[in-house]
Amino acid sequence: MRLIRCGIAVLLGLALAASSGQGAAEGEGECGSFSFEDVAVELGIDFRHATGARGDKHLRETMGAGVAWLDYDGDGWQDLYWVQSDRTGGGSDRLYRNLDGRGFEMVALAASESEPGYGQGVLAADLDGDADPDLLLTNDGGDELSLNSGDGRFERVEAGLDSSGWSSSAAAGDADGDGDLDLYVTRYVRYEVGSDIFCGDPESGERRYCDPSIFAGAPDAYYRNEGGGRFSNRTVEAGLEVAPGRGLGVLFTDLDGDGVPDLYVANDLTINFVFGNDGDGGFEDLSLISGAAVNRDGRPEAGMGLAVGDHDGDGAPDVAVTNFDVETNTLYRNLGGLAFDDVSGPTGFGLPSFNRLAFGIVNADFDLDGDLDVYVANGHIFERPARENVAYRQPDQILAGDGGGGFSAVPCAVLDRNPTVGRGLAAGDFDNDGDLDLAVQENGGPARLLRNGADGEGWIAAHLRGAGSNTEAVGARVTLAVGSRRLVRWVAAGDSYQSTSDRRVHFGLGAEEPAALEVVWPGGRRMRFEDPSSSRLLVVVESDGD
């Protein structure tokens with residue numbers, strides 16, 4: 001173990017051995033320079049998502065659900081939480097404990113067993129500031145907060161969250177600068193399961209799922225953290241009460257580089273929201289003037305999932321949004337000052353998604369070459385899509401980034417052979433070998449755990465431990481100097497679609513050696529470490545001192 005003291009932080013370099021049996025079997029999972037193999041069943045994950053569909057074709061049956069990576073027991077290995085939608089038929093959410101990267105075992109969980117709603121998303125984050133991750137579950141029928149007791153158990157608490165309505169994704173960030181994590185929860189549409197709305201063939205009486213456009217949007221909710229697992233709805237006071245937008249995805253990220261988290265919300269069939277943070281917990285609606293509310297043609301799209309990443313190497317977070325088929329997915333290049341440009345066409349980002357309906361999305365350097373790539377989970381909401389060349393079950397997609405903002409679609413036979421109805425998607429290094437694996441939730445299907453078999457020459461991962469109530473350093477910016485390049489990552493809580501990725505930040509190095517690692521903590525403290533060792537997890541601890 002190597003110990004370096006520098007200013008107010010402590011850096012621990014921990015060498016982590018790759019798990020045995022890593023990599024795909026011959027002929028399986030190879031996608032050019034990328035390699036993924038579904039090892040869910042092999043490693044003990046037997047979860048299957050249940051929609052509860054019984055022929056009435058309720059819209060909510062098509063929209064779930066999410067998945068989260070979290071180290072709930074603090075042993076250094078990422079565990080997995082899968083959201084169940086229909087909990088009335090004996091199904092339930094499931095938590096799987098990671099057995100040192102060798103497999104998973106299901107553990108008893110009481111977080112969602114009483115008065116269950118219809119499950120949608122999960123935010124795993126330390127919301128009460130006690131250094132272990134809690135679970136916020138978004139539902140149709142009221143959201144739930146379960147606090148981690150620290151001994152492997154979760155206890156549901158009355159947190160002050162809305163007890164009705166249809167919520168989708170949630171994200172956390174220190175919006176008001178007081179050191180703890182506040183919440184934003186997207187709400188989808190006003191929909192009553194008991195309402196007798198008929199969509200389908202009037203002659204045959206055959207029902208089909210209704211188009212979401214016939215339902216009015218529901219207003220999102222912003223909650224201020226009052227401490228101890230309690231929250232208060234401050235949507236109006238924060239300036240976030242705007243016209244309902246059918247919210248599905250949300251991200252808290254410092255989009256303009258002023259040190260405070262802004263908000264981006266993906267809306268279905270209405271304009272996306274861009275809210276600039278004034279630094280005191282108030283927000284300004286900059287959606288239409290930002291350039292990121294509509295596509296290049298000035299049209300709102302059917303936004304689902306979200307991811308941010310510096311794809312062109314300029315140090316600013318670009319925003320990627322997944323959309324409906326024929327619309328294409330959209331990439332907004334960050335121009336600075338909360339201004340964006342739709343570059344989906346010229347970068348090669350949009351066209352590969354033309355005949356796909358995308359939900360979950362993750363930015364990561366999957367092949368460890370130093371460039372950010374993109375993985376997208378696809379699957380339609382209609383069992384018989386109206387458009388030609390559009391299927392219900394669809395292959396996921398990989399886009400290889402070139403480091404300068406360009407993308408190329410990666411032919412991937414293993415994904416093409418196994419189309420699914422993809423929804424939630426989250427990245428996490430479950431075997432601690434330095435590359436990011438993927439958990440994929442299928443609507444009405446089995447869970448997938450895609451083990452990454454990257455054989456890149458080097459990597460670095462950083463696990464930040466923040467001081468005060470923000471123990472996971474949500475909102476921090478991490479920069480790695482590699483040769484002449486500066487690779488940037490942002491620590492976020494809640495991303496993709498209804499899901500939560502591994503909070504640790506990962507960098508691929510290609511063939512170069514790292515020169516320096518810099519951390520800008522929430523609140524502005526800046527730490528720099530020279531010549532960090534490659535192929536290591538660096539645990540960086542922020543001190544309470546000045």
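## A charged surface patch

Does Asp 278 count as buried or exposed? At 52% relative accessibility, Asp 278 counts as exposed, where exposed means over 50% relative accessible area, buried under 20% and partly exposed in between, with a 1.4 Å probe and protein chains only. Asp 278 is placed in the loop between β19 (273–277) and β20 (283–285).

Together with Asp 280, Glu 284 and Asp 285, Asp 278 forms a negative surface patch.

## Basis of the model

This is a predicted model, in which local features need pLDDT of at least 70 and side-chain atom pairs count only at pLDDT 80 or more, while totals for chains, interfaces and linings use all residues. Residues are numbered from 1 along each chain as its sequence is written, and side-chain values use heavy atoms, leaving out hydrogens and water.

## Disulfides

A search of the whole structure finds two disulfides (pairs of cysteine sulfur atoms within 2.5 Å). Cys 31 is joined to Cys 412, with an S to S distance of 1.8 Å. This pair links distant parts of the chain, 381 residues apart: Cys 31 is in strand β3 (residues 30–31) and Cys 412 in the loop between β28 (407–409) and α2 (413–416). Helices (H or I, at least four residues) and strands (E, at least two) are DSSP runs, numbered from the N terminus. Both Cys 31 and Cys 412 are buried.

Cys 199 is joined to Cys 210 (S to S 2.0 Å). The torsion about their S-S bond is about 100°, so this disulfide is right-handed. Cys 199 and Cys 210 are both buried.

Terms used. Patches are made of residues with over 30% relative accessible area and no salt bridge: like charges are joined within 9 Å, nonpolar side chains (Val, Leu, Ile, Met, Phe, Trp, Tyr) within 5 Å. Accessible areas come from the Shrake-Rupley method with a 1.4 Å probe; for residues, only the protein chains shown count as cover. A salt bridge is a side-chain nitrogen of Lys or Arg within 4 Å of a carboxyl oxygen of Asp or Glu. Lys and Arg count as positive and Asp and Glu as negative; His and the chain ends are not counted. The place of a charge is taken as NZ of Lys, CZ of Arg, CG of Asp or CD of Glu.
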